[in-house]
Structures are given as structure tokens and as C-alpha cells.
Amino acid sequence: MSKMSCSSGAAGQKSSKGKTEGDLKWWQLSLIGVGCTIGTGYFLGSSIGIEVTGASIVFSFLLAALGTHIVFQILAKMIAKDPHEGSFCYYARKAYGKWAGFSCGWNYWCSNILVMGSQLTALSILSRFWFPAIPLWVFAAGYAILSIFVVLTGTKGFDKIEDILAIVKFAAIIMFIILAAAALFGFLQSDIKPSGFPLAGDQLFLDGVKGFWASLIYAFYAYGGIEVIGIMAMRLKKKEDAQKAGTIMLLALTIVYILSLGLAVTLVSLDAFNEKESPFVTAMANYHLPFFPHVFNGAIIIAGFSTMTASLYGVTNLLATLAKDGDAPHFFAKTSKKLKNLPLASLGLATVGLLASIITALLLPGKIYEYITTAAGILLLYNWLFIIISALRLLTLKVRSKLYAYLGILLIIAAITGTLFEKAIRPGFFVSILFVAIIFIVCLFMKKHWKKQTSKIRYY
């Protein structure tokens with residue numbers, strides 16, 4: 001399933017279409033959320049997290065799970081009180097005005113463009129496992145073309161393909177957990193005994209508090225996608241089930257993430273991990289399973305391709321929605337009946353973003369994944385911050401709920417600022433600031449246009 005587009009709403013009115021579309025049960029929405037979330041941010045980005053902080057990456061993922069839970073619980077409360085297809089973009093506009101909805105929409109678009117760039121780079125790195133001599137940009141171009149083709153199949157074709165890919169990538173994690181547990185209990189033989197989970201010392205925290213702080217962004221990035229449930233909650237038969245769907249989804253993800261990462265850092269020493277290989281492939285390298293690296297690498301590529309295609313589909317529809325709301329040029333909303341009613345201009349702009357990612361991968365093959373992953377994760381967290389501060393204005397929260405919300409803000413800010421402590425990912429922070437600055441400047445130019453719109457509405 002895709003990262004569905006978010007609309008900032010039209011003049012603050014609820015969509016009747018959003019209210020009547022109730023074709024999902026809560027468990028179906030949970031599965032969709034799992035499928036949207038698991039990607040190379042987890043499969044490959046976690047390797048960088050291990051290199052940065054060591055075995056304590058497990059604790060980073062626990063803290064990120066707590067922060068993600070806070071964000072979704074607050075979003076679910078807003079959905080229950082005022083269900084709207086615009087989700088967090090609509091709530092931002094309702095709380096702080098047109099500029100907030102506009103900023104959230106375009107920030108989400110930009111973050112997904114960067115997600116596609118990071119996924120393309122990760123897919124290319126993983127594909128070189130079989131073809132090490134082929135440049136990154138060749139793989140990136142191939143996957144980009146294939147992704148565009150999937151989107152051109154339309155909603156039904158896209159949904160079928162994404163459902164199959166979601167099952168494959170979740171099955172890959174379960175396969176690793178089973179094999180790793182078998183290795184840990186001696187059912188699989190190896191020349192090297194498991195190193196064991198370090199309970200203290202340098203192996204637990206490789207670079208002390210600074211390294212642990214810097215690793216938070218990779219953990220949060222692996223949970224990116226929880227906001228999709230908020231966007232798709234309008235398709236629930238019972239809108240109040242959004243909270244249950246998110247809780248079950250997050251619980252499943254946390255258990256699977258913690259188990260798999262915990263087993264990975266237990267089986268081998270930390271110096272074996274590197275950012276060019278999945279930590280799960282590294283963990284099983286000494287157990288003489290010739291099929292595992294190939295099967296698992298293929299599953300990871302499927303996961304990354306699934307997330308990238310979902311992002312492409314999402315930004316294509318998001319830009320069309322922004323155009324309908326007057327937050328983007330109108331021609332981006334035009335659709336082609338010959339091509340499954342797809343907004344071709346919107347798809348074209350997203351393709352330009354993909355092309356820019358390919359060119360960047362060619363120019364900076366060694367560092368691009370860290371930079372783009374960091375920037376994409378930070379932009380996503382900016383939207384999560386908006387969800388919380390919107391709720392603080394729109395909802396009447398009890399003291400305990402307010403403290404919970406402020407804890408969420410603290411965790412998100414910690415993840416964002418932690419990127420400044422790690423030289424390898426620090427440029428990603430400034431890339432995210434650049435995107436925010438551009439959106440802010442555009443907001444200033446749009447201010448007069450919004451005032452004119454408001455005057456016309458009042459006049460009529």
C-alpha cells in the first residue's frame with residue numbers, strides 16, 4: 001500500500017467522501033501500516049545506527065517506539081474528534097492557519113522525495129552485492145523506471161503489487177529471527193561462537209552519550225510511516241478504531257525490530273557491521289548458509305522498492321491534492337483518462353525528483369545515503385512535531401496527556417539535534433533546514449494570495 005496523499009482541506013470543511021468511505025477493518029489498516037513502514041531505513045539504515053552507537057541501538061529503537069506511539073495516540077484523538085481526509089495537514093491548518101497546512105503538505109512531499117532518493121541509493125548499494133562493478137546510478141535509473149511503470153498501472157494494479165511485496169518483506173524478518181534464534185541455541189553450527197549481547201562497556205555504547213544521541217534519527221526513520229494510518233483512517237468502518245490499529249501496528253513493529261536487532265548484535269562482534277551491508281546478512285555470515293545472503297538481499301531490495309514506489313505514488317497524488325486546494329499550480333491536478341486518471345504533471349515532477357537523486361548518487365556515491373536518509377528522517381519528524389503542537393491547541397488534554405505530549409516533543413527534538421553530533425550525517429540536518437527555508441519563503445510569497453482568497457470568501 002502507498003503513503004497516501006494528505007490534503008490540507010478545503011476551507012476547513014470535512015469531506016463527505018472521506019466520511020462515507022469505510023471499507024477497512026482495524027486489523028487491515030494495521031497490516032497496511034506495517035507494509036508502508038518497513039523499508040531500507042530499517043534493513044540498511046540500522047547498520048549505520050549500530051556503527052554509531054553499538055548494541056545500544058536496541059534502546060534507540062525502544063525510545064523511538066515510545067516517541068512514535070505518543071505521536072500516533074495524539075493523532076488518533078484528533079481523528080476521533082474531527083475525522084477528515086486531510087489528516088495532519090488539515091489539523092495543522094485548523095490549529096494555526098493556512099500557512100501551517102501548506103507547510104505540512106509541502107514538507108511531507110519533500111520528505112517523500114528524499115525517501116525515494118534514499119531508497120534508490122540503498123537499492124543500488126544492495127544490488128552491487130551481486131554486481132559490484134556496475135555503478136550506483138545505473139541501478140538507480142533502472143529501479144526508478146520500474147517504479148514509474150508500477151505507478152502507471154493505476155490504483156488497482158499498484159495495490160496488488162504492494163500487497164505482495166509487503167508480505168515478502170515481513171516474511172524476510174521472520175525468517176531471520178527464526179534462523180538467528182536457531183544459531184543462538186546451537187542448532188546451526190559456526191566456527192565462531194556468538195559474541196553475546198554486551199551489557200556494559202564500549203560495545204554497548206561505542207561513542208558514549210553522543211553516539212547514542214546521534215543514532216536516534218535512524219531508529220525514528222525506521223518507524224516513518226505511522227502517519228499513513230492517520231491519513232488512511234478515513235477508510236475505516238469505525239473511525240474510532242484508528243487508535244487500536246496504530247497501537248497493534250506499532251507493537252508488532254517494535255517486537256520484530258527489537259528481536260531482530262538484538263539477535264544481530266548478539267551473534268557477531270560490532271566491528272563486523274558496515275553501512276554497505278544489512279546487519280542481518282552480516283549476523284548470519286558465519287553460519288554457512290549459502291542461500292541466506294542471496295534470499296535476504298533480494299527480500300531487502302523488494303522492501304526498498306516497495307517503500308520507494310509507495311512514496312512515488314503518494315507524492316504524485318499529494319501534489320494533485322495540493323493543487324486542488326490552491327496550494328500548488330492548478331495544472332498539477334489535471335488527470336489523464338487514458339492512464340488510469342493519473343495526474344501526469346504531478347508524476348512528472350516526482351520523476352524529476354528521482355532524476356535529481358540519481359545524479360546526486362553519481363556525484364556522491366559514498367555519502368549520499370547517509371545525507372538523504374538523515375534529511376528525509378528529519379523532515380518527517382518536523383511533521384510529527386506539528387501533529388503534537390496542533391493537538392495541544394485543538395484538544396482539551398488532561399495534565400497527564402499534556403506531559404505525554406511534551407515528552408514526545410522532547411524525544412523528537414533529541415532525534416533531530418542528535419544528527420549534529422555525528423560528522424557523517426550532519427550535512428543531512430542542513431539539507432532539511434534548506435528545504436524548510438524554501439517552504440518558508442514560498443509561504444511568505446503566498447501570504448498575499450491567501451488574503452485575497454479570504455476576502456473573496458467573506459465577500460460572497
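Two residues are said to be in contact when heavy atoms of one lie within 4.5 Å of heavy atoms of the other, and the legends below use the word in that sense for a predicted model.

**Figure 1. Ser432 and the residues that it touches.** S432 has its place in helix 18, the helix formed by residues 426–459. When residues up to four places away in sequence are not counted, S432 touches A375, I378, L379 and Y382. The relative accessible area of S432 is 0%, and because a residue counts as buried when this value is under 20%, S432 is buried.

**Figure 2. The chain as a whole.** This view shows a chain with 18 helices and zero strands. The chain has 460 residues, of which 57% count as buried. Its accessible surface comes to about 19600 Å², and carbon and sulfur atoms account for 68% of that area.

**Figure 3. Helix 4 and the residue just after it.** Helix 4 runs over residues 45–53, and eight of its nine residues are buried, so this helix is largely enclosed by the rest of the structure. The buried residues are G45, S46, S47, I48, G49, I50, V52 and T53. Just after helix 4 comes G54, which takes a positive phi of about 85°.

**Figure 4. The packing of helix 5 against helix 10.** Helix 5 (residues 57–81) and helix 10 (residues 208–222) pack with their axes 8 Å apart and at an angle of about 55°, and the two helices are therefore oblique to each other. Their crossing is right-handed. On the side of helix 5 the contact is made by I57, F59, S60, F61, L63, A64, G67 and T68, while helix 10 contributes F212, S215, L216, Y218, A219, F220 and A222. Sorted by class, the residues of this contact between helix 5 and helix 10 are eleven nonpolar and four polar, with no charged residues.

**Figure 5. The packing of helix 6 against helix 7.** Helix 6 covers residues 87–96, and it packs against helix 7 at an angle of about 155°, with the two axes 6 Å apart. Because an angle over 145 degrees counts as roughly antiparallel, helix 6 is described as roughly antiparallel to helix 7. The crossing of helix 6 and helix 7 is right-handed. From helix 6, the residues F88, C89, A92, R93 and Y96 meet K98, W99, A100, G101, C104, G105 and Y108 of helix 7. The contact of helix 6 with helix 7 is made up of eight nonpolar, two polar and two charged residues.

**Figure 6. The packing of helix 7 against helix 8.** Here helix 7 (residues 98–127) is shown with helix 8 (residues 136–152), and the two pack at an angle of about 120° with their axes 8 Å apart. Helix 7 and helix 8 are therefore oblique to each other, and helix 7 passes helix 8 in a right-handed crossing. The residues L120, L123, S124, I125 and S127 in helix 7 meet L136, F139, A140, Y143 and A144 in helix 8. By class, the contact of helix 7 with helix 8 has eight nonpolar residues and two polar ones, and no charged residues.

Definitions and conventions. Residues numbered from 1 in each chain as written. Predicted model: local features only at pLDDT ≥ 70, side-chain atom pairs only at ≥ 80, totals over all residues. Heavy atoms only, no water. Axes fitted to C-alpha atoms, helices over the stretch in contact; angles between N-to-C directions. Helix = DSSP H or I, 4+ residues; strand = E, 2+ residues; numbered from the N terminus. Parallel < 35°, antiparallel > 145°, perpendicular 65-115°, else oblique. Left-handed = near helix turned anticlockwise from the far one by under 90°. Nonpolar A, V, L, I, M, F, W, Y, C, P; charged D, E, K, R; others polar. Buried < 20%, exposed > 50% of the residue type's maximum accessible area, 1.4 Å probe, protein only. Areas by Shrake-Rupley, 256 points an atom, 1.4 Å probe, with all protein chains shown as cover.
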